[in-house]
Amino acid sequence: MLITFEGPDGSGKTTQLALLAEHLGQQGYLLFQVREPGGTPIGEQVRNVLHSMANQEMNPRAEVLLFSASRAQLIEQAILPALAEGKIVLCDRFYDSTFAYQGYGRGLDLEALRQLTQFATRGLCPDLTVYIEISPEEGLRRRRQDKSVEWNRLDDLPAVFHRRVHEGYQRLIAAEPDRWVVIDGERSIEAVQADVRAAVLARLPQS
Ligand code: TMP
């Protein structure tokens with residue numbers, strides 16, 4: 001089973017994924033945890049290029065190809081083998097981020113992104129996508145406050161970009177409501193985690 005986590009920057013999805021992984025591990029589930037971009041040695045190098053504040057001149061089409069390159073590598077090298085071993089794969093961001101950020105945020109053609117995604121993923125889709133909902137303004141406020149996390153090139157885009165990303169997520173959720181679980185992220189970590197666990201456990205076979 002492939003479970004992905006999505007949300008605007010600063011939504012707390014990475015913290016929530018880590019807490020969920022700890023809980024599922026204690027319940028005896030076999031897990032594999034990855035993140036995008038990254039998750040493989042090649043993907044982590046691509047991540048550095050994508051995130052570097054020095055790369056301000058990066059073209060949006062180059063950007064989406066790099067995200068897709070990291071994803072293709074991650075799927076072949078890590079996700080498919082883990083799924084074949086019967087593990088539950090928890091992935092911090094997946095192709096929905098490409099539609100939200102490069103499609104709705106940057107304005108790249110959505111049909112072209114669909115074809116690119118199909119090529120990069122060979123058609124692999126998440127079984128469940130947990131969306132941590134937070135307003136883009138609150139997300140950016142939290143990102144600025146949290147000095148433990150690097151401030152990257154995408155965080156640095158203007159508020160209007162992050163509003164388009166947020167709006168894009170709403171459209172993606174509306175288009176496939178059965179795949180997504182939407183959780184209100186503007187609450188305590190514990191309250192959000194309780195809902196994340198309930199939503200995920202309801203879909204998992206008993207360990
Ligand atoms: P994060 O690991 O802190 O969530 O940072 C990843 C950043 O990259 C975040 O701003 C979202 C962005 N991103 C895209 O723009 N497109 C993508 O396809 C992915 C996976 C991430």
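**Figure 1. His-23 in helix 1 of the predicted model**. The model shown in this and the following views is predicted. His-23 belongs to helix 1, which covers residues 13-26. With a relative accessible area of 14%, His-23 is buried, because this value is under 20%. Although His-23 and Arg-197 are 174 residues apart along the chain, their C-alpha atoms are separated by 8.2 Å. When residues up to four places away in sequence are not counted, His-23 touches Arg-197 and Leu-201.

**Figure 2. The surroundings of the ligand**. The ligand is surrounded by 14 residues, of which the closest are Asp-9, Arg-71, Arg-93, Thr-98 and Gln-102. Several polar side chains can be examined individually. An N or O atom in the side chain of Lys-13 is 3.1 Å from an oxygen atom of the ligand. For Thr-98, a polar side-chain atom lies 2.6 Å from an oxygen atom of the ligand. In the case of Gln-102, an N or O atom of the side chain is 2.8 Å from a nitrogen atom of the ligand.

**Figure 3. Arg-71, a buried residue of helix 3**. Arg-71 is placed in helix 3, and its relative accessible area is 1%. Arg-71 therefore counts as buried, since the cut-off is under 20%. Neighbours within four places in sequence left aside, Arg-71 is in contact with Glu-36, Phe-94, Tyr-95, Thr-98 and Thr-121. Arg-71 is also listed among the closest residues to the ligand.

Figure 4. Apart from neighbours within four places in sequence, the residues in contact with Ser-97 are Glu-6, Gln-102 and Tyr-169.

**Figure 5. The largest nonpolar core**. In soluble globular proteins, nonpolar side chains tend to be buried together. The largest nonpolar core of this model has 32 residues, and Leu-2, Ile-79, Cys-91, Phe-94 and Tyr-169 touch the most other members. Two or more residues are given to this core by each of helix 2 (41-51), helix 3, strand 3 (88-92), helix 4, helix 5 and helix 7 (159-175). Helix 3 supplies the largest share, 7 residues. Tyr-169 has contacts beyond its neighbours within four places in sequence, including Glu-6, Gly-7, Pro-8, Tyr-101, Tyr-131 and Trp-180. A second, separate core has 19 residues, among them Leu-90, Val-181, Ile-183 and Val-200.

**Figure 6. The two sides of helix 5**. Helix 5 has 12 residues, numbered 110-121. The buried residues of helix 5 are Leu-113, Leu-116, Thr-117, Ala-120 and Thr-121. Seen down the helix axis, these residues fall within an arc of 115°, so they line one face of helix 5. On the other side of helix 5, Gln-115 and Phe-119 are exposed. The elements covering the buried residues of helix 5 include helix 3 (60-84) and helix 4 (95-105). Just after helix 5, Arg-122 takes a positive phi of about 55°.

Methods. Residues are numbered from 1 along each chain as its sequence is written. This is a predicted model: local features need pLDDT of at least 70, side-chain atom pairs count only at pLDDT 80 or more; totals for chains, interfaces and linings use all residues. Side-chain values use heavy atoms; hydrogens and water are left out. Helices (H or I, at least four residues) and strands (E, at least two) are DSSP runs, numbered from the N terminus. The expected span of a helix is 1.5 Å times one less than its number of residues. Buried means under 20% relative accessible area, exposed over 50%, partly exposed in between (1.4 Å probe, protein chains only). The arc is that of the directions from the helix axis to the C-beta atoms. Contact means heavy atoms within 4.5 Å. A nonpolar core is a set of buried Ala, Val, Leu, Ile, Met, Phe, Trp, Tyr and Cys residues joined through side-chain atoms within 4.5 Å. A residue is near a molecule or strand if one of its heavy atoms lies within 4 Å of it. A polar contact is a pair of N or O atoms within 3.5 Å; within protein, one must be able to donate a hydrogen and the other to accept it, and residues adjacent in sequence count only if both atoms are side-chain atoms.
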